[in-house]
Amino acid sequence: MPGDEAPPPAAPAPLARAEQFIWLTARVLEQRRFAFHFLGGDADPVDTALGAYLGGDGGYGHALDPDLRGPLSQPLHTAHALRILDSLGRCAGQRVEKLCRHLTRVSTADGALPVVLPAPRGYPTAPYHPVHDDPPSELLTTGPVVGVLHRNRVWHAWLFRATDFCWDRVENLRHSHPYEVQSAVAFLDGVPDRARAAAAADRLGRLVRERRLAVLEPGRREEHPVPAGYAPGEHLFPHDFARRPESLARGWFTDAELGRSLDFLAAEQQPDGGWPVRRRAWAPGSSLERRPIATLEALLTLRAYGRLPAGTGAAVAAVAAGTAGVSRPGPVPPR
């Protein structure tokens, strides 16, 4: 009728907005990963894109983790690569065997992994990952690598001492920081001894609450202490520890606490469709490359908890047809 105004167009759904952000900003690897997980894409293109970061020594380099630049294979890159291979269901075979031999060569005297290996020349690294001539073993890198390998039933001699190292660190943590706790969870969610893992996770969860390592009320996060060395506002929330409902860390938080955390995560999507990165910005390329990774992680967490509304276009078609790539479940089941 005359004078009637058409209703404003509906805002694009979160998944559709994220899709546009990925095509606009992401590396080929993250574009392929998004297509696999959310658009029904095949695993082969993800595998091929990941292969571009593989070095001749069996490790991964070339800024696969955006915080470490240059071609050198680094443990942080290995952890990132294994998470991707795990999500594809391809964490096995000669490639992983060769990777384990590489880990044996680069391990410290106690059989575990440092954060950053010293390079024959100085490649750029984030200032919060200092380079040492004789770097110590760290749970930060060893835990996720060991957890994923165990979760995929990989057995290699390297795993024996590395697993012992992780158990010792996790079961004796008295002081920690949020990213190290994340790594401990990755280890505990994958290690075969589920009873021991559950006991260790229970103690670790009490530590997280006592030390206020997780922000339980996102609306009051400015009142929460920021760990030493973290950037202003670099907090972690319940969903950062319990990325899937199957994780042992899920039991650390009440339904209300996790619900607030997931509400906050969903609301963090920016107008451009991506999620923010709260780490200290130290190089333009690193900051640009990390946002699509953070966006993928946010989407996968929201979907794991049933919090991801359908998108539009290709995303909706894949979801409706049931062909969208499905990331693998979290913790390894008991034997």
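So, helix α1, residues 14–25, packs against helix α12, residues 284–304, at an angle of about 155°, with the axes 10 Å apart. Axes here are lines fitted to C-alpha atoms, for helices over the stretch in contact, and angles run from 0 to 180 degrees between N-to-C directions. That makes α1 roughly antiparallel to α12, the label for angles over 145 degrees. On the α1 side, the contact (heavy atoms within 4.5 Å) is made by L15, A18, F21, I22 and T25, and α12 brings R291, P292, T295 and L299. By class that's six nonpolar, two polar and one charged.

Quick caveats: this is a predicted model, local features need pLDDT of at least 70, side-chain atom pairs count only at pLDDT 80 or more, and totals for chains, interfaces and linings use all residues. Numbering starts from 1 along each chain as its sequence is written, and side-chain values use heavy atoms, with hydrogens and water left out.

Zooming out, the chain has 13 helices and zero strands; helices are DSSP runs of H or I, at least four residues, and strands are E runs, at least two. Of its 335 residues, 51% count as buried, meaning under 20% relative accessible area with a 1.4 Å probe, protein chains only.

Now, which residues have the most contacts inside the largest nonpolar core? They're L149, W158, L188 and W252, in a core of 80 residues. A nonpolar core is a set of buried Ala, Val, Leu, Ile, Met, Phe, Trp, Tyr and Cys joined through side-chain atoms within 4.5 Å. Helix α7, residues 158–171, gives the most, with seven residues.

Notes. Parallel < 35°, antiparallel > 145°, perpendicular 65-115°, else oblique. Nonpolar A, V, L, I, M, F, W, Y, C, P; charged D, E, K, R; others polar. Buried < 20%, exposed > 50% of the residue type's maximum accessible area, 1.4 Å probe, protein only.
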